[in-house]
Amino acid sequence: MSSGHEELSFGGGDPDREPWLQAWVRAHAGPVRMLSVCAAVLLVLGAAGIGGRYLYERSFEPLPPPEAAFPEQRGLTVFLCEGYGPGGGGRCPGRRKATDAEGRAVAERMRAIPELAEVVFVSGEQNRRETLAYYADLGEEPSGEVTPFPTVRAVLRRSGDFAAVAERVKAMPEVDRVERDPTDFWWGRADLAVVLCGTDDWSRYACPKNRPAGVTGAVSAAERQAVLDRIWALPDAETVYLQDREHHARLMRHYYPEEPAGGRLFRVDLSRETFYVKLSDPAAFPAAAEALKSLPGVSTVYRVEPGK
């Protein structure tokens, strides 16, 4: 006896009796199919929208430093006595400033050192022009008078010969000090470096002028993001990397292997983060530097060159 309610059947009972659900589906096959297609399309579009937004945002995140070997460090610079007077001038207290002629003589003696592959004398006037060009590139004026000072630049045959060569050169009476002239890891990979505020000595000096009064310390997350946004707004920004403090400290250890291992130069907490930017047109550097150098959280901006 029927209860008055239609029974749903899934194949049991009378084989000649078509299940109610199956009949309903057949009767409404077109609309059901259309609804299914619409739902699927909406799901795909929604997923594509979410995925597209994710990929878009990810595309503007800075890349980590490239996985590449650090360059061999064979460059060095010889600084001659600079005439600071009694009690100053490093190894030259009381000695007058070295002349170009003395610098050429030092270079000639250095050419006899077999561990050196190349020796170049740089006159005081050339050093002065290079210093002025550096400031002009940044659109700035030097803080004081730029005085000429001669130097000698050289290239070692092997990085490991630095200490022995430095001792030999420092024995020359015209020489104040000998320092490594590092080959920059970023040369060829970036054109522009944007050094962010840290806790190092230079940051304490350079960063307050770009920040609201009272703001100190390492770059904040908001400052870092604002700098990154401004970088991507540059018309010639092509690729952006972010070097973290650990990578910076590793580079310093590689650049200056003779320095004491526990020195301030190698401390991660005193290191700083840096954005490195590859420009589609390296000639756009001055305009890019002008747009970035005064942002809060920026310590300094410089052009990436073969020597640091």
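## Starting with a sheet

In what order do the 4 strands of the open sheet that contains S6, S7, S5 and S8 stand? The order is S6-S7-S5-S8, and the pairing is antiparallel. Please keep in mind, as you look around, that this is a predicted model.

Strand S6 (237–243) and strand S8 (298–303) are the edge strands here, each pairing on one side only. On average, and with direction ignored, neighbouring strands of this sheet are turned by 20° against each other. Leu192 has Arg303 in S8 as its bridge partner. Helix H7 packs on this sheet and touches S5, S6, S7 and S8, with a direction that makes about 155° with that of S6.

## The chain as a whole

Stepping back, the chain holds 9 helices and 8 strands. It has 308 residues, of which 35% count as buried. Among the contacts in the chain with a separation of 6 or more, 77% come from residues 24 or more positions apart.

## The other open sheet

Another set of 4 strands forms an open sheet in the order S2-S3-S1-S4, again with antiparallel pairing. Strand S2 (116–122) and S4 stand at the edges with a single partner strand each, so one side of each has no neighbour in the sheet. From one strand to the next, the twist averages 20°.

Within this sheet, S2 and strand S3 (residues 151–156) run antiparallel and are joined by 6 bridges. Phe121 is a handy place to look, as Val152 in S3 stands opposite this residue. Helix H5 (residues 162–170) packs on the sheet, where its contacts take in S1, S2, S3 and S4. The direction of H5 makes about 165° with that of S4.

## Two disulfides

How many disulfides does a search of the whole structure find? The search gives 2. Counting bonded cysteines along the chain, their pattern is 1-2, 3-4.

One of them joins Cys81 to Cys92, with an S to S distance of 1.9 Å. The link is left-handed, with -60° about the S-S bond. Cys81 and Cys92 both lie in the loop between strand S1 (75–80) and helix H3 (100–110), so the pair ties together parts that are 11 residues apart in sequence. Both cysteines, Cys81 and Cys92, are buried.

A disulfide also joins Cys197 to Cys207, at 2.1 Å from S to S. Its torsion about the S-S bond is about -115°, so this disulfide is left-handed. Cys197 sits in the loop between strand S5 (192–196) and helix H6 (201–206), while Cys207 sits in the loop between H6 and helix H7 (221–233), 10 residues apart. Cys197 and Cys207 are buried too.

## Aromatic rings and their neighbours

The whole structure contains 8 aromatic pairs. In one of them, Phe70 and Phe185 have ring centres 5.4 Å apart and planes at 75°, so the pair is edge-to-face. This pair links distant parts of the chain, 115 residues apart: Phe70 is in the loop between helix H2 (29–59) and S1, and Phe185 is in the loop between strand S4 (175–180) and S5. Is Phe185 buried or exposed? Phe185 counts as buried, because its relative accessibility is 1%. Phe70, at 23% relative accessibility, counts as partly exposed.

Trp186 and Tyr276 form a pair with ring centres 4.1 Å apart and planes at 10°, so this pair is stacked. Trp186 belongs to the loop between S4 and S5, whereas Tyr276 belongs to strand S7 (residues 274–279), and 90 residues separate the two. Trp186 and Tyr276 are both buried. Ring pairs link Phe70, Phe185, Trp186, Tyr241 and Tyr276 into a cluster.

Arg189 lies over the face of Phe185, at 4.4 Å from the ring centre. Arg177 lies over the face of Phe79, and here the distance from the ring centre is 4.1 Å.

Conventions: Residues are numbered from 1 along each chain as its sequence is written. This is a predicted model: local features need pLDDT of at least 70, side-chain atom pairs count only at pLDDT 80 or more; totals for chains, interfaces and linings use all residues. Side-chain values use heavy atoms; hydrogens and water are left out. A disulfide is a pair of cysteine sulfur atoms within 2.5 Å. Buried means under 20% relative accessible area, exposed over 50%, partly exposed in between (1.4 Å probe, protein chains only). Rings of Phe, Tyr and Trp (its six-membered ring) pair if their centres lie within 6.5 Å; planes under 30 degrees apart count as stacked, over 60 as edge-to-face and the rest as tilted. A charge sits over a ring if NZ of Lys or CZ of Arg is within 6 Å of the ring centre and within 35 degrees of the ring normal. Two strands pair if DSSP finds at least two bridges between them. Axes are lines fitted to C-alpha atoms, for helices over the stretch in contact, and angles run from 0 to 180 degrees between N-to-C directions. Contact means heavy atoms within 4.5 Å.
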